[in-house]
Every structure is written in C-alpha cells, then in structure tokens.
Amino acid sequence: MRRYTITQFNKDFTDDNACLGWLKAYLHPDGIYCPTCGYITKHHKVTKRSCYACDSCGNHVYPMAGTIFEHSATPLKLWFYAIYLMSATRCGISAKQIQRETGVTYKTAWRMFKQIRTLLQEDTQPLTGEVEVDETYVGGMRKGKRGRGAEGKSKVIGAVQREGRVIVQVVPDVKRHTLVPFMASKVDRDAVLYTDTFPSYDHMTRLGYTHLRIAHQDKKWARGRIHTNSIEGFWSLLKRGIGGVYHSVSEKYLQSYINEYGFRYNHRKDEKPMFLTVLEKV
Ligand SMILES: [Zn+2]
C-alpha cells in the first residue's frame with residue numbers, strides 16, 4: 001500500500017475549503033450539472049458557505065448533501081482528519097484520542113466515529129477458495145481482571161479466505177443452527193472449508209463443501225494446509241485492538257467495531273491508501 005502520511009494529508013487538505021473542493025471534484029468529476037441552466041456550467045465557491053454557485057444563474061450546489069457530513073456542525077477538515085486517523089492506524093483509534101488531538105468534545109468525537117464506521121460495512125460476496133471458519137468470544141472484561149470462560153462475552157463467528165477477505169458476525173450463540181446458515185451464506189459451496197472439530201461444524205460435507213478439520217487440542221499446529229491460523233490471526237488483531245483501544249465495547253456496538261477491523265483487514269493489500277478508499281464512501 002502506498003503510504004499516505006500526515007504531511008501529505010495536511011498538504012492535500014489545508015482547510016475546510018480544500019476538503020469541500022475534494023468532495024466537489026469527487027462527486028462531479030466532469031463539472032457540475034446545473035439543473036436550472038440544463039447543462040454543465042462553471043461554478044464558484046460561495047464565500048463562507050459550504051456550497052458552490054452556478055456562474056450563469058447563481059443556483060447553489062451543496063457537495064455535503066447526502067454524505068455523512070450533512071447536518072454536521074463539525075468543521076469538514078476535522079471530519080477528514082478523523083477519517084485519516086481511523087484509516088491510518090493499524091489497530092484503530094479511540095474517540096478519546098480524537099478528543100485529545102483536536103479539542104472537540106468527547107460526545108462529538110464519539111458521534112463522528114460512529115458515523116465513519118457506518119462507511120466501513122462491506123458487501124459480503126461469498127468467500128471462495130480455501131476458507132477458514134472459527135468462532136470466538138469477545139469482550140466481557142471486568143476492570144483489572146480478565147474473565148475466563150464465555151460468561152458475559154459476546155459470541156462471534158468469522159470466515160476468512162486465505163490471502164483474501166474476512167467476514168465476521170456477532171451471533172446470539174454458537175450452536176449448529178446458527179453457525180451453519182452463516183457458513184452456507186458466506187462461503188461458496190466450491191470452497192475448501194477448514195475448521196476445528198467443534199461439533200457445530202459437523203456435517204458441512206452434506207451441504208457440498210470439502211471440509212477438513214484440525215483437532216481442537218492441536219489447534220496451534222497445522223497438518224499441512226489444515227489449520228485455522230489465518231482466522232486466529234484476525235482474532236488476535238481484533239482482540240488486541242478492542243482490548244487496547246476501546247477497552248470494552250458494548251454488544252450493541254460490537255458489530256460496527258468488528259466491521260472496522262474487517263475493513264482494515266480486507267484492504268490491507270490495496271495499492272490505494274485506505275484513507276482515500278474510506279473517503280470515497282462518504
Ligand atoms: Zn445555472
């Protein structure tokens with residue numbers, strides 16, 4: 001991935017006007033069509049307003065309309081900066097950090113992040129090739145001590161295509177009738193499925209999958225290609241992130257946090273800087 005540095009960011013997005021200019025150029029790459037004039041006309045920035053006016057008839061165009069920035073009183077540059085921070089770090093950034101760095105209130109920072117996270121939901125085309133599936137438990141940590149066992153923790157199921165994308169979902173339980181529909185809808189029937197020997201994964205061959213399993217007690221080891229190391233790798237990334245950055249996440253928001261990590265994972269090999277990928281989704 002091309003590195004997109006903070007120096008580059010500050011050069012490209014000097015102020016609110018530059019951010020608005022980017023938005024306008026992105027949304028109207030061939031110029032702005034003026035509905036009043038009926039064709040593409042020259043537009044100019046209206047001073048002190050977040051809009052452009054048609055040179056011929058004065059009709060106003062608001063690039064922020066329909067984006068996550070609409071109706072927000074937060075300066076556009078701050079929004080862009082928050083998106084930059086969120087996509088530039090490997091393991092996530094908290095609202096607290098944004099608050100410290102920019103001086104916005106915690107509530108504002110939190111709301112911005114919540115909005116930005118809505119952009120990080122990816123379409124979930126079924127995975128194919130070699131796919132590892134595993135379930136895990138997240139959160140439920142008491143202050144100062146890490147609870148053992150599954151009590152109070154959220155259950156999460158994930159599937160990762162080796163060298164490819166990950167799809168992760170918070171689930172109410174890890175019973176077969178919950179996990180099988182997840183696999184059936186997220187993993188292509190032609191895929192080679194790798195799981196451990198957890199009984200909920202039984203009978204997947206009946207659905208047409210080639211299914212290879214690694215015994216629970218040997219999970220740390222691989223028998224040739226039979227392992228679940230890729231999904232385990234994602235779990236540790238997720239848990240380190242949620243533990244270190246967000247401390248504890250309520251179940252209500254867990255899915256959106258998970259989407260954030262999934263997005264970052266899925267775009268880890270992109271040529272385009274992740275910041276621009278997110279920006280283009282606003
Ligand atoms: Zn016009």
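How many bridges join strand 6 to strand 7 (residues 154-161)? The two strands, which run antiparallel, are joined by 8 bridges, where two strands are said to pair if DSSP finds at least two bridges between them, and where helices (H or I, at least four residues) and strands (E, at least two) are DSSP runs numbered from the N terminus.

The model is predicted, and for that reason local features need pLDDT of at least 70 and side-chain atom pairs count only at pLDDT 80 or more, while totals for chains, interfaces and linings use all residues. Residues are numbered from 1 along each chain as its sequence is written, and side-chain values use heavy atoms, with hydrogens and water left out.

## Overall architecture

The secondary structure of the protein comes to 9 helices and 10 strands, and the C-alpha trace spans about 70 × 45 × 30 Å along its principal axes. Of the 282 residues in the protein, 44% are buried, a class that means under 20% relative accessible area, as against exposed at over 50% and partly exposed in between (1.4 Å probe, protein chains only). Among the contacts with a separation of 6 or more, 56% come from residues 24 or more positions apart, contact meaning heavy atoms within 4.5 Å.

Strand 6 (residues 130-138) has 7 of its 9 residues buried, so it is largely enclosed by the rest of the structure. Strand 7 is likewise largely enclosed by the rest of the structure, because 6 of its 8 residues are buried. Within the pairing of these strands, Val138 stands opposite Ser154 in strand 7, and Asp134 has Gly158 of strand 7 as its bridge partner. Strand 6 also pairs with strand 9 (residues 192-196), here in the parallel sense, and the bridge partner of Glu132 in strand 9 is Tyr194. Strand 7 in turn runs antiparallel to strand 8 (residues 166-171), with Val166 in strand 8 as the bridge partner of Val160. The hairpin of strand 7 and strand 8 has 4 residues between the strands, and in this hairpin Glu163 takes a positive phi near 65°.

The bridge counts of these pairings are set out below.

| Strand pair | Sense | Bridges |
|---|---|---|
| Strand 6 and strand 7 | antiparallel | 8 bridges |
| Strand 7 and strand 8 | antiparallel | 6 bridges |
| Strand 6 and strand 9 | parallel | 3 bridges |

The zinc ion has as its protein donors Cys34 (SG), Cys37 (SG), Cys54 (SG) and Cys57 (SG), which lie 2.2 to 2.3 Å from it; donors are N, O and S atoms within 2.8 Å of the metal (3.2 Å for Na, K and Ca), and since water is not among the atoms, sites may look incomplete. Along the chain these donors follow the spacing C-x2-C-x16-C-x2-C. The angles among the 4 donor atoms are 103 to 117°, and the site is tetrahedral, a term applied to four donors if all angles lie between 85 and 135 degrees. Cys54 counts as buried because its relative accessibility is 1%, whereas Cys57, at 36% relative accessibility, counts as partly exposed.

An open sheet is formed by 3 strands in the order 3-4-5, with antiparallel pairing. Its edge strands, each pairing on one side only, are strand 3 (43-45) and strand 5 (60-61). Strand 3 is joined to strand 4 (residues 52-54) by 3 bridges, and His44 stands opposite Ala53 in strand 4. Helix 2 (residues 16-27) packs on the sheet and touches strand 3 and strand 4, its direction making about 55° with that of strand 4; axes here are lines fitted to C-alpha atoms, for helices over the stretch in contact, and angles run from 0 to 180 degrees between N-to-C directions.

Leu20 lies in helix 2 and counts as buried because its relative accessibility is 2%. Not counting residues up to four places away in sequence, Leu20 touches Lys45, Ser50, Cys51, Tyr52, Pro63, Met64 and Leu76.

## Helix 3

The 13 residues of helix 3 (residues 76-88) should span 18 Å at 1.5 Å a residue, which agrees with the 18 Å between its end C-alpha atoms; the expected span is 1.5 Å times one less than the number of residues. Helix 3 is mostly covered, with 11 of its 13 residues buried, including Leu76, Trp79, Phe80 and Tyr84. What covers these buried residues includes helix 1 (6-12), helix 2, helix 4 (95-102), helix 5 (106-118), helix 8 (251-266) and helix 9 (274-279).

Terms used: Four donors count as tetrahedral if all angles lie between 85 and 135 degrees; four count as square planar and six as octahedral if opposite donors are over 155 degrees apart and all others between 65 and 115; anything else is irregular.
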